[in-house]
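Hello,

Here is the structure I promised to hand over. Please have a look at it first, and then read on for what turned up in it.

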Amino acid sequence: MSEDIYTLTKFLNYPWLNTNKKIIDFMQKFNQRITIKKGELFIKYGQELTAVYGVEEGLLGIRFLTLNGKQRTQVIIGPGGATSVIDVIRRITSSPYEAYAYEDTTIIYITKEQALEGIIGDPTLSLAFMESLGDIVFTLLERLESSSSYCPKQRLILFLRNLNDPFQVEENGWYRAKYKFTHQDIADIIGTTREYVTLHLTDLKKKGLIKVMEHYIYFCKDFKTIIRPELYSE
């Protein structure tokens, strides 16, 4: 398989976690919600994990400590995504990660007991949890692979490509990303510095491919097609 086809068929969600409607629908039946303010830590390292959490509205970042002691956002969870699924299935009690809100976020949740009862009592829900577990593992493996196989510029392009679609709103011929990210946010996600991100976003702006207003990134028409060659240049 050529590098071109390989990249097109992988990293299609980088760094977003897939949604799982079956789990979210099940969680909503319990009508248990909390609101997390922008910038607030929702789960801390070492915190006791007592529930499965789903994002109803807003955006969560999942951040791990790397081997060199630095924090890095590995997964972004939007509406329809769930976290702590692995912890429930494996009965992990102490969180190995932090979860924080990029914006005001509504969280729905079920206790571990409610989750396990649902898994035991409903084979289709059990399958949904296993699919979610697989999605989380796959997302983390792709993050590891992208870090070893691609330079920061390529990871930036992957991030922008996947932010562009489907999270966009058309405005006067431009396509605005649904979510806001600062240059530092993006740097933390792709594993580089804020200055590096600023340099390359400025280059893309000069080329007329993007514009940035109030931390929203606007994409030109056919951005994904135009930017594709950038994935293979250093």
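At a relative accessible area of 49%, E195 counts as partly exposed, a label for values between buried (under 20%) and exposed (over 50%), computed with a 1.4 Å probe and protein chains only. E195 meets R194 in a salt bridge, with N and O 3.1 Å apart. The term salt bridge stands for a side-chain nitrogen of Lys or Arg within 4 Å of a carboxyl oxygen of Asp or Glu. R194 is partly exposed as well, at 38%.

Before going further, please note that this is a predicted model, in which local features need pLDDT of at least 70 and side-chain atom pairs count only at pLDDT 80 or more, while totals for chains, interfaces and linings use all residues. Residues are numbered from 1 along each chain as its sequence is written, and side-chain values use heavy atoms, with hydrogens and water left out.

**Salt bridges**

How many salt bridges does the structure hold? There are seven, and the pair of R194 and E195 is one of them. In general, side chains of opposite charge can pair when their charged atoms come close.

Another joins E56 to R33, where the closest N and O atoms are 2.7 Å apart. E56 belongs to strand 3 (residues 51-57) and R33 to strand 1 (residues 33-36), so this bridge ties together parts that are 23 residues apart in sequence. Strands here are DSSP runs of E with at least two residues, helices are runs of H or I with at least four, and both are numbered from the N terminus. R33 is partly exposed, at 36%.

E98 and R63 also meet in a salt bridge, at 2.9 Å from N to O. This pair links distant parts of the chain, with E98 in strand 7 (residues 98-101) and R63 in strand 4 (residues 60-65), 35 residues apart. Are these two partners buried or exposed? E98 is buried, at 10%, and R63 is buried too, at 17%.

F42 sits in strand 2 (residues 41-43) and is buried, with 11% relative accessibility.

**Aromatic pairs**

The whole structure contains ten aromatic pairs. Rings of Phe, Tyr and Trp (its six-membered ring) count as a pair if their centres lie within 6.5 Å; planes under 30 degrees apart are called stacked, over 60 edge-to-face, and the rest tilted. For W16 and F181, the ring centres are 6.2 Å apart and the planes stand at 80°, so the pair is edge-to-face. W16 is in the loop between helix 1 (3-9) and helix 2 (21-28), and F181 is in the loop between strand 10 (174-177) and helix 7 (183-190), so the pair ties together parts that are 165 residues apart in sequence. Both W16 and F181 are buried.

F26 and F30 make an edge-to-face pair too, at 5.3 Å centre to centre and 75° between the planes. F26 is buried, at 14%, whereas F30 is partly exposed, at 31%. W16 and F181 also belong to an aromatic cluster with Y100, Y102, F159 and Y179.

Twelve of the 13 residues of helix 6 (residues 152-164) are buried, and its first and last C-alpha atoms are 18 Å apart, close to the 18 Å expected. The expected span is 1.5 Å times one less than the number of residues.

Helix 5 (residues 123-149) has 27 residues and should span 39 Å; its end C-alpha atoms are 38 Å apart, which agrees. Its buried residues include L125, F129, L133 and I136. V137, also in helix 5, is partly exposed, at 39%. Together with L141 and L144, V137 forms a nonpolar surface patch of about 290 Å² of accessible area. Patch members have over 30% relative accessible area and no salt bridge, with nonpolar side chains (Val, Leu, Ile, Met, Phe, Trp, Tyr) joined within 5 Å and like charges within 9 Å; the areas come from the Shrake-Rupley method with a 1.4 Å probe, and only the protein chains shown count as cover for residues.

**Cysteines**

Finally, a search for disulfides (cysteine sulfur atoms within 2.5 Å) finds zero. C151 is buried, at 16%, and C220 is buried, at 12%.

Best wishes
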